[in-house]
Amino acid sequence: MVDPEEEYRRTTPGSRALHEKAVRAMPGGTTRTTTYFDPYPLYIERGQGCRVWDVDGTERIDMLGNYSAMILGHAHPKVVEAIRRQAERGTGFAAANPLEVQLATLLCERVPSLDAVRFCNSGTEATMFAMRLARAFTGRPKIARIEGGYHGTHDHAEVSTHPAVAEAGPPDAPVARPDSIGTPRWAVEQTVVLPFNNPEAAEAIVRRHSSQIAAVILEPVIGAGGVIAATPEFLSRLRSITRELGILLIFDEVISLRVAPGGAQQMYGVTPDLTTMGKIIGGGLPVAAFGGRADVMEMLDPRREGSIAQGGTYNGNPLGMAAGLAAMRELTPDVYVELNRKGERVGELLREVFASHGVPVQVNSVGSLFALHFSNRPVVDYRGVAASDKKRMREFFLSLVNHGVLMAPRGMGSLSTPMGEGDVDRFIDAVDATLGGLEPLWEAGKPTARAAG
């Protein structure tokens with residue numbers, strides 16, 4: 001029996017050496033918490049198509065794509081050429097530029113809710129401004145959000161993303177909990193938490209706080225929290241009650257924009273008042289956006305007295321706009337259909353291979369997104385995610401890395417357009433081999449995960 005961590009340490013000496021150097025300059029040896037995992041993170045040197053190579057030269061299939069951002073894979077020739085061409089012309093100016101007009105127009109044409117749009121640099125900024133707009137437009141102070149949803153790392157977003165279940169209240173009436181010791185008390189007090197996929201309970205909570213709620217924000221497909229799709233009834237109920245009560249509905253489509261040309265809102269046929277976007281719209285560079293109804297977005301118009309200011313040195317920077325425009329032009333309706341077809345096949349094959357090993361798992365998949373949850377019960381909300389076996393997940397993740405596949409440590413994955421049938425088969429074979437190697441350890445009940453050293 002092979003300990004996944006021992007094998008990882010043995011085969012990644014370059015990453016370990018870099019990490020030992022990195023911890024002297026960065027807390028934990030990384031500048032992004034989500035890239036860290038015990039015993040030390042993998043350091044990637046380059047990527048091409050759907051593959052990445054670490055600093056030891058080991059090739060792996062990238063089944064994560066920078067947490068779903070790299071929908072065209074790495075170093076797509078048209079994106080590379082667009083970046084090269086623009087870099088030669090300049091990468092940033094204290095002025096507007098033609099490319100931002102083109103990308104803004106494209107997004108407004110594709111995404112149903114967008115009458116107008118503004119650019120920023122991260123999903124965190126996008127949701128922060130969408131919430132601010134909602135408060136300004138309605139004159140109300142509170143934001144309602146879904147337990148287990150993820151909206152970035154600003155103060156208003158750092159509430160009930162991953163609460164301890166013992167402290168989070170009953171499933172149908174969750175209690176707002178801070179996500180970190182730095183989350184201010186006022187952020188918790190100004191947040192109303194809703195259960196996911198429970199329309200009756202969510203409606204009752206919204207009605208109870210309606211006079212104070214500026215907006216309900218949610219991911220129509222919870223992404224980082226486990227690829228959990230909202231039921232059509234849940235979304236339609238939220239749309240109905242928010243419209244009735246004068247509350248803005250915000251869809252966070254930073255991740256779910258990849259499930260259809262117009263995002264999950266197109267897939268569900270439910271149009272929010274505001275939408276936040278990121279990841280795929282930047283072609284691999286840090287680009288995000290928020291937009292929606294004209295009467296809400298006009299509050300940002302500097303020609304308007306009392307407008308809301310939105311600064312940002314790199315907002316709409318021409319390099320990001322060039323990459324995003326090149327990427328989005330590649331994403332035709334046919335490309336989405338084919339990518340989603342591959343995603344459906346991956347989901348089916350994953351269910352088959354886990355069943356063949358008799359390992360209980362929930363494979364949540366929507367379009368080209370998927371997530372694994374080691375659980376006997378369907379995972380339809382945060383409480384289901386919290387009840388899954390995290391120890392098995394860590395062992396599976398590390399073993400899969402050892403077998404040549406990179407996913408998220410929490411079991412999330414996403415497909416990219418360069419992936420062919422052979423790549424899918426290689427991924428499933430790696431999962432099969434991983435489960436075969438872990439079965440003796442799991443059956444024996446022996447601990448395999450050791451403390452980081």
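I begin with a pair of charged side chains: D273 and R293 form a salt bridge, their closest N and O atoms lying 3.0 Å apart. A salt bridge here is a side-chain nitrogen of Lys or Arg within 4 Å of a carboxyl oxygen of Asp or Glu. This pair links distant parts of the chain, 20 residues apart: D273 sits in the loop between α10 (263–268) and β11 (274–277), and R293 in the loop between β12 (288–292) and α11 (294–297). Helices (H or I, at least four residues) and strands (E, at least two) are DSSP runs, numbered from the N terminus.

The model is predicted, so local features need pLDDT of at least 70 and side-chain atom pairs count only at pLDDT 80 or more, while totals for chains, interfaces and linings use all residues. Residues are numbered from 1 along each chain as its sequence is written, and side-chain values use heavy atoms, with hydrogens and water left out.

Is D273 buried or exposed? D273 counts as buried, at 6% relative accessibility, whereas R293, at 26%, counts as partly exposed. Buried means under 20% relative accessible area, exposed over 50%, and partly exposed in between (1.4 Å probe, protein chains only).

Let me turn to helix α1. R9 and E5 both lie in this helix (residues 4–11), 4 residues apart, about one turn. Their salt bridge has its closest N and O atoms 3.2 Å apart, and both residues are buried. E7 and R10 also meet in a salt bridge, at 2.8 Å from N to O; they are 3 residues apart in α1, again about one turn. E7 is partly exposed, with a relative accessible area of 23%, and R10 is exposed, at 57%.

How many salt bridges does a search of the whole structure find? The search finds 28. Elsewhere, E200, E203, R207, E233, R237 and E244 are linked in a network of salt bridges.

Finally, helix packing. The axes of α13 (residues 333–356) and α16 (residues 421–444) come within 10 Å and cross at roughly 25°. Axes are lines fitted to C-alpha atoms, for helices over the stretch in contact, and angles run from 0 to 180 degrees between N-to-C directions. The two helices are therefore roughly parallel to each other, a term for angles under 35 degrees. The contact (heavy atoms within 4.5 Å) involves, among others, V346, L349 and L350 of α13 and V424, F427 and I428 of α16. By class, this contact has 10 nonpolar, no polar and 5 charged residues. Ala, Val, Leu, Ile, Met, Phe, Trp, Tyr, Cys and Pro count as nonpolar, Asp, Glu, Lys and Arg as charged, and the others, Gly among them, as polar.

Conventions:
Angles under 35 degrees count as roughly parallel, over 145 as roughly antiparallel, 65 to 115 as roughly perpendicular and the rest as oblique.
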